[in-house]
Amino acid sequence: MSDRVSVSKTYKMYVNGAFPRSESGRTFVLNDVEGNFLANVAHGSRKDIRDAVVAARGATNKWKSATAYNRGQVLYRVAEILESRHDEFVSLLQLTDGVSAKRAANEVSKSIDLTVWYAGWTDKIAQVVGGTNPVAGPFFNFSIPAPCGVVGIITPTVNSLSGFIATVLPALASGNTVVVVPGSHEAIPVAVTLGEVAATSDVPAGVINIVTGTASELAPILASHEDVDGLDLAGAGESRLELGRLASATITRVVDSDLRDLHDLKRLRAFIDTVTVWHTIGQ
Amino acid sequence: MTSVAAHGRPELPATTSRPVRIGSEHDLRSTLGGLSGVDAVGLEARAAKLGTRSLKQDTKRAAIDLAITMVDLTTLEGADTTGKVRALCTKAMRPDASDPSVPPVAAVCVYPDLVDVAVRTLGTSGVNIASVATAFPSGRASLAIKLADVREAVAAGATEIDMVIDRGAFLSGNIGKVFDEIVAVKEACGAAHLKVILETGELVTYDNVRRASWIAMLAGADFIKTSTGKVGVNATIPVTLLMLEAVRDFALETGAVIGVKAAGGIRTTKDALKYLVVVNETAGSRWLSPDFFRFGASSLLNDLLMQRTKQATGSYVRADRFSGD
């Protein structure tokens, strides 16, 4: 055996393309499923949510004004980088989710395929949920889907990798920027590693922001934030009703169903506004 | 000698006379010659240190409201329209349309040709009307034109005039010209308050800022103001601290209390509160009033309103809750 000093990773947050520690300076210790030390994790606070929402708001224009085709390419690039880190995610899932190597490998492959599936959706959403409306006059009348803006996501508490992909990718594919709070402490290492994936693919800074910490503490701040336009409460469990009430005060759209199907068209449609445009015919 | 109060700051004398008389350029040079050089490293360190103070809860709420009452809500663009000035004045009187408890700002600040629009919109609301004059922002015009500019703004109803000093004359050593211009503009102002813009971003050194502050105060300024907002470097905390030291020293010397206006680049509540700490710790609580300290700003007001709402409701608000320009 070598006598190297062990180098364990500190899981910091991912905000605006950088990996900051919590503004509060707090951390907590995360153990793996066997109870051994896994990492020190940044324990995010109210102000970290504030900073993440500012970053997400700042990135909305760049992401939504990119062509749908380009967004698809960027998300496909995420799948490419995930593929290259396949083995890392397999070992991580064994430590955090406590699954066998075989199940972990299956979970990673499934998540990569899901990423490709959502990458494909970016330039097809408009054809499915948009359309041309019949009007009595010399006009075209189009209904065009547009992203609603900044979406806050509490990721599922189980299946940390596929749960993250299945809640975050639909919001991104429809052109929103996201502030993600991992639904459980165990889901944090995979979420932050996915932040590293985002940082090394072509996702613009601020489009994906990950605030690590305790979901029950961070979710109400996200829900009551006026500048958050949508909220996916997949991992919020019992507190959904209260979070929905907070969100309603600022007219935030809420998805409060469990994640049952990874290929969830409801989530893909959830954070879309419809813009209706008139255009004269023949000019 | 001045007495030193318990908190370590000298107390102001009770008189408000101005015993320093400048009869000639020689008098001016000898008065300025008595000023010590600025310790730049110490100044910046003190400014940075004061910037780390944190205001919380009730103090923060009070400071936000105070900062709102100190704002000179400004629009100085070539593209200004009467409609924009009317909207600005409406906002000045009632900054948050949904919350009547928000105090009005100190003044609106516009170009001279739009003063009459502001006068008609503001009426008897008590919000002051400031106008930039003297060939703002460059100041490159003859004295006759500058004075005509001032008289026109005052005649239209401006209660405060923001003039620019002749930086070219100052930097080439012609301080007599700078002084005489301020004296002439002060006379043209009549009852209107005179704010003298030093344009510190163009004065190169801290020593120059100190000298220019004294020239302006000796010549009769009611306020000294950092910047036009039209050059690369605008208000900074060290420069404002230095100017606050100047008004404090001037008050100790002469009894006259001169105001300071920090203008340009102050956009966030966090910045504004840092300035208030610097005001209190440098000049003293006497200056914590719109009569003696102002912010020249436009986007700052919305950030103050956002933070005020955050303090009241406990949750963060979105930027477009408040009207833009």
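This is a predicted model: local features need pLDDT of at least 70, side-chain atom pairs count only at pLDDT 80 or more; totals for chains, interfaces and linings use all residues.
Student: In what order do the eight strands of the chain B barrel follow one another?

Tutor: The strands in question belong to chain B, and they close into a barrel with parallel pairing. Neighbouring strands of this sheet are turned against each other by 25° on average, direction ignored. Read around the barrel, the order is E1-E2-E3-E4-E5-E6-E7-E8.

Student: Which residue stands opposite Ala130(B) in E4(B)?

Tutor: Strand E3 (residues 128–132) of chain B and strand E4 (residues 160–164) of chain B run parallel, and three bridges join them. Within this pairing, the residue of E4(B) that stands opposite Ala130(B) is Glu160(B).

Student: Is Leu122(B) buried or exposed?

Tutor: Leu122(B) has its place in helix H5 (residues 115–122) of chain B, and, leaving aside residues up to four places away in sequence, Leu122(B) touches Cys89(B), Met93(B), Val127(B) and Ile129(B). The cut-off for burial is 20 or more other C-beta atoms within 10 Å. Because Leu122(B) has 23 other C-beta atoms within that distance, Leu122(B) is buried.

Student: How are H3(B) and H11(B) oriented to each other?

Tutor: The axes of helix H3 (residues 57–69) and helix H11 (residues 269–282) of chain B come within 10 Å and cross at roughly 90°. Angles of 65 to 115 degrees count as roughly perpendicular, and therefore H3(B) is, relative to H11(B), roughly perpendicular.

Student: How do the residues of the contact of H3(B) with H11(B) divide into nonpolar, polar and charged?

Tutor: From H3(B) the contact draws on Ala63(B), Ile64(B), Leu66(B) and Ala67(B), while H11(B) supplies Thr269(B), Ala272(B), Leu273(B) and Leu276(B). By class, these residues divide into seven nonpolar, one polar and no charged.

Student: Turning to chain A, which residue in the turn between E1(A) and E2(A) has a positive phi?

Tutor: Strand E1 (residues 27–31) and strand E2 (residues 37–42) of chain A pair in the antiparallel sense over five bridges, and Phe37(A) in E2(A) is the bridge partner of Asn31(A). The two strands form a hairpin with five residues between them, and the turn residue with a positive phi, about 90°, is Gly35(A).

Student: Which are the edge strands of the open sheet of chain A?

Tutor: This open sheet consists of five strands with parallel pairing, in the order E7-E6-E5-E8-E9, and its twist averages 15° from one strand to the next. An edge strand here pairs on one side only, and the strands of chain A for which this holds are E7 (208–210) and E9 (253–255).

Student: What is the bridge partner of Asp232(A) in E9(A)?

Tutor: Strand E8 (residues 230–232) of chain A pairs with E9(A) in the parallel sense over three bridges. In this pairing, the bridge partner of Asp232(A) is Val255(A).

Student: Are H3(A) and H7(A) roughly parallel or roughly antiparallel?

Tutor: The axes of helix H3 (residues 86–96) and helix H7 (residues 188–200) of chain A come within 9 Å and cross at roughly 155°. Since an angle over 145 degrees counts as roughly antiparallel, H3(A) and H7(A) are therefore roughly antiparallel.

Definitions and conventions:
Residues are numbered from 1 along each chain as its sequence is written. Chains are lettered from A and ligands numbered from 1 in the order in which they are written. Helices (H or I, at least four residues) and strands (E, at least two) are DSSP runs, numbered from the N terminus. A residue is buried if 20 or more other C-beta atoms lie within 10 Å of its own, exposed if 12 or fewer, and partly exposed in between; C-beta atoms are placed from the backbone. Two residues are in contact if their C-beta atoms, placed from the backbone, lie within 7 Å. Axes are lines fitted to C-alpha atoms, for helices over the stretch in contact, and angles run from 0 to 180 degrees between N-to-C directions. Angles under 35 degrees count as roughly parallel, over 145 as roughly antiparallel, 65 to 115 as roughly perpendicular and the rest as oblique. Ala, Val, Leu, Ile, Met, Phe, Trp, Tyr, Cys and Pro count as nonpolar, Asp, Glu, Lys and Arg as charged, and the others, Gly among them, as polar. Two strands pair if DSSP finds at least two bridges between them.
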